[in-house]
Amino acid sequence: MEQKWVVFSLESNSYGIDVQSVRSIERLQPITRVPNSPAHVKGVINLRGVVTPVIDLRLRLGYEEIPPTDETRILIASLNQGDAGFIVDRANEVVESDEVRIEPIPESSSDMLTDHLTAIAKGEDKLFSLLDANALFEDHHAE
Amino acid sequence: MDVNEYLGLFLDESQEHIQSINNQLLKLEQTASADVVQEIFRSAHTLKGMSSTMGYESVANLTHEMESALDLVRGGKKESNQLLLDTMFSAMEQMEDMIADIENGGRGSNVDVSETVAAFQSFIGGKEVVAVKSSDSSSFEVDLYTNSVIEQAKQSGFEAFQIHVKLSDAVVLKAARAYMVFDRLQELGEVVSTQPETEEIEQEKFDLSFDVLFLSQETADDIEQAVAQVSEVERVEVKAFTSTAVSAPELAVTTEAPTPEPAKAKTEAEEPKEQAAAQAQAKTIRVNLERIDRLMNLFEEFIIDRGRLERLADEVGQAELNETVEKIKRGTNELQSLVLTLRMMPIEQVFNRFPRMVRSVAKDIHKKVQLDISGAETELDRTVIDEIGDPLVHLIRNAIDHGIERPEVRLQAGKPEQGMLALRAYHGGNRVFIEIEDDGAGINVDKVRAKALERGVITSEEAGMMSENELAMLIFAPGFSTADVVTDLSGRGVGLDVVKNKIESLGGVVSLETVAGQGTKFQVSLPLTLSIISAMLVQVGDESYAIPLSSILETTLLDEADILTAHRERVFDFRGQLVPLVYLKEMFGIDSETKSQFPVVVVRKGNKLVGVVVNDLIGQQEIVMKPLGTYLEGIPAISGATILGDGRVALIVDSNDLF
């Protein structure tokens with residue numbers, strides 16, 4: 001089956017999430033902070049009547065937090081234990097698998113990243129890391 | 001086949017059938033009725049079919065034995081007796097355990113059913129005597145044509161045999177075994193007719209045995225041996241066939257019809273009944289709870305938008321727009337009440353299991369109890385239905401165990417030998433009340449007081465100030481038990497405090513009234529739906545939180561100067577009682593200034609009080625409780641979330657965590 005990824009960016013880096021697990025891409029909306037939750041959990045939003053947790057992917061992946069811009073989006077992903085949102089700087093495009101070559105993650109990558117990355121996708125003018133959305137949300141319990 | 005896909009359906013339907021069997025068994029215990037037996041048989045049969053399709057052998061085996069036993073009763077070959085009823089009751093109990101195991105991911109092989117199976121088999125065992133007798137006496141009724149065939153064959157040196165074949169209980173493919181038997185027989189001679197008819201045997205429409213009328217030149221022993229070689233054949237009987245029709249041909253005409261006919265008539269009679277049952281079922285459909293939840297979510301969203309629309313229409317002030325909005329409002333109001341009822345189910349589902357339980361509990365401890373159920377049609381939220389069963393079981397067991405006296409004691413007290421236990425459910429306001437009332441000895445308040453003092457639950461000063469009812473309520477205190485004799489029931493190590501906690505976690509309240517010598521009434525009051533609660537919205541900094549009204553005692557204004565310090569804890573004087581203060585801004589890490597005068601929400605947990613310091617009280621509101629989701633489970637002092645009128649999410653404070 002042909003695979004597709006939703007590609008988005010954090011600073012100048014691009015990441016891809018399997019299009020199958022992406023439910024929708026939302027504009028930034030009011031987030032209710034959840035006290036005493038992990039730092040990267042921004043809070044919960046009202047997603048069409050469902051209270052959905054949202055995490056800041058910048059904080060999750062070790063970037064610095066920045067104020068939201070017009071391009072800031074919440075990527076709603078359908079994960080193993082329910083829907084969750086990821087705040088990203090910008091949602092770029094959907095890339096199909098025939099546009100890119102899949103390569104393993106370079107061995108020198110830090111542990112923190114290899115935990116969440118599954119591979120690197122490389123195309124003519126594209127380069128993005130494939131993220132395991134479930135891993136992003138699940139291991140925060142262990143922290 | 002992906003079995004998982006069907007698991008939910010299987011579990012639901014099994015529980016329904018078990019429930020139906022239990023109900024019918026109770027009826028059967030009252031009066032022997034062929035219809036009831038038929039009903040039980042059908043449910044057992046369906047259970048067997050479903051469980052073997054799903055591969056749950058242990059369930060299938062148990063139902064198979066039960067079905068076989070019932071088949072005898074159904075066919076009038078044996079009379080149902082108390083032993084059989086008891087066996088069936090315990091089979092149902094075991095079945096419930098097995099289904100529960102399957103529900104928890106097991107294989108349903110957690111229960112040792114060997115005793116039950118043996119009990120069924122010993123009941124069935126009697127069948128052999130009856131069955132053989134019946135096959136002896138009825139033998140094969142043959143029509144005139146068959147009779148002439150036999151006669152002709154006999155003239156050319158063939159013998160007519162009547163062969164009775166019984167397959168083993170463990171047989172999986174009955175039809176295949178039967179086919180192999182016929183295949184063997186075909187080598188030795190000619191099959192003239194069978195009972196049941198060949199088509200029926202091919203369709204597995206026979207119990208475990210069938211009869212064959214057979215023509216052969218071989219001896220009876222040879223035939224017996226040949227058939228016995230087929231695996232899973234338990235027993236073969238070969239007898240010379242002596243046709244009654246030969247000596248009295250005119251009789252044969254009359255005997256010809258009855259035997260096959262009733263059998264046919266029976267299957268035909270069954271079909272319309274099943275159709276009728278199917279029609280009755282068609283009035284309800286199964287809907288995944290998730291879908292209903294989604295519908296509710298979308299609908300709530302819609303209600304919020306409706307609010308916005310109303311406001312906008314007000315601002316615009318155009319008559320036609322207002323009229324349309326008004327119409328939408330009326331329509332959605334109706335829709336709202338309809339949507340809310342979708343999750344409601346009659347409490348019958350919970351109550352249904354009680355008659356049997358009361359029967360067996362009472363029997364175990366040699367008490368006589370008449371259970372009287374009313375209001376089983378009262379509807380409650382599905383979530384409450386799922387959770388309320390265990391606490392009620394506990395209260396009922398308690399009433400039988402501790403409330404209702406032994407028959408001899410009752411007679412001495414001038415009461416009827418049989419105790420009355422009433423189970424009632426009814427609506428009142430937006431709550432549902434469930435009452436469990438017995439006409440037993442009542443709670444011995446002196447004994448409760450003594451025990452509570454002994455166990456250190458209360459001090460003697462406290463005891464002096466308590467009313468009789470307050471003292472009686474101590475049976476719900478942790479670590480309390482009034483059982484004189486440790487019975488199986490009270491020896492479970494689960495106190496009534498667990499019952500109370502469970503009920504409270506459902507937003508319910510349990511109370512009791514007791515009159516010495518006359519009985520005790522437990523009353524459980526539950527919210528109609530779990531998802532809608534009244535709450536006080538409060539503001540701290542720029543965040544809003546909801547505190548459930550059910551835990552709020554009252555709200556009050558406090559001055560900075562009123563705060564006292566006791567043992568480094570901030571407390572305040574609330575009607576002569578020192579109550580600790582909890583600052584939400586500290587608890588939740590909110591950046592905000594507290595003014596010199598601030599509102600305090602006094603919440604309670606049991607007898608304990610806490611003052612929750614907030615910045616502002618926004619007001620009281622009905623809110624829809626929503627879970628925070630798996631990812632945010634276990635956040636301290638937050639029990640869920642709700643969506644406010646402006647579409648924002650507000651968190652619900654779990655005041656139990658503030659203590």
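**View 1. The salt bridge between chain A and chain B.** In this predicted model, the rule (a side-chain nitrogen of Lys or Arg within 4 Å of a carboxyl oxygen of Asp or Glu) finds one salt bridge across the interface of chain A and chain B. The partners are the side chains of A:Arg33 and B:Glu543, 2.6 Å from N to O. Being a predicted model, it needs pLDDT of at least 70 for local features and 80 or more for side-chain atom pairs, while totals for chains, interfaces and linings use all residues. Residues count from 1 along each chain as its sequence is written, chains are lettered from A in the order in which they are written, and side-chain values use heavy atoms, with hydrogens and water left out.

**View 2. How chain A sits against chain B.** Here 27 residues of chain A are in contact (heavy atoms within 4.5 Å) with 24 residues of chain B. Together the two chains bury about 2100 Å² (accessible area lost on being put together, 1.4 Å probe, summed over both), and 61% of that is on carbon and sulfur atoms. A:Arg33, A:Asn46 and A:Val51 supply 27% of what chain A buries against chain B, more than any other three residues.

**View 3. An open sheet in chain A.** Six strands (DSSP runs of E, at least two residues) line up as E8-E1-E2-E11-E10-E9, with mixed pairing (at least two DSSP bridges between two strands). E8 (90–96) and E9 (100–103) of chain A are at the edges with a single partner strand each, so one side of each has no neighbour in the sheet.

**View 4. Strands E1 and E2 of chain A.** E1 (residues 4–10) and E2 (residues 13–18) of chain A run antiparallel over six bridges. A:Trp5 sits opposite A:Asp18 in E2(A).

Note on methods: Helices (H or I, at least four residues) and strands (E, at least two) are DSSP runs, numbered from the N terminus.
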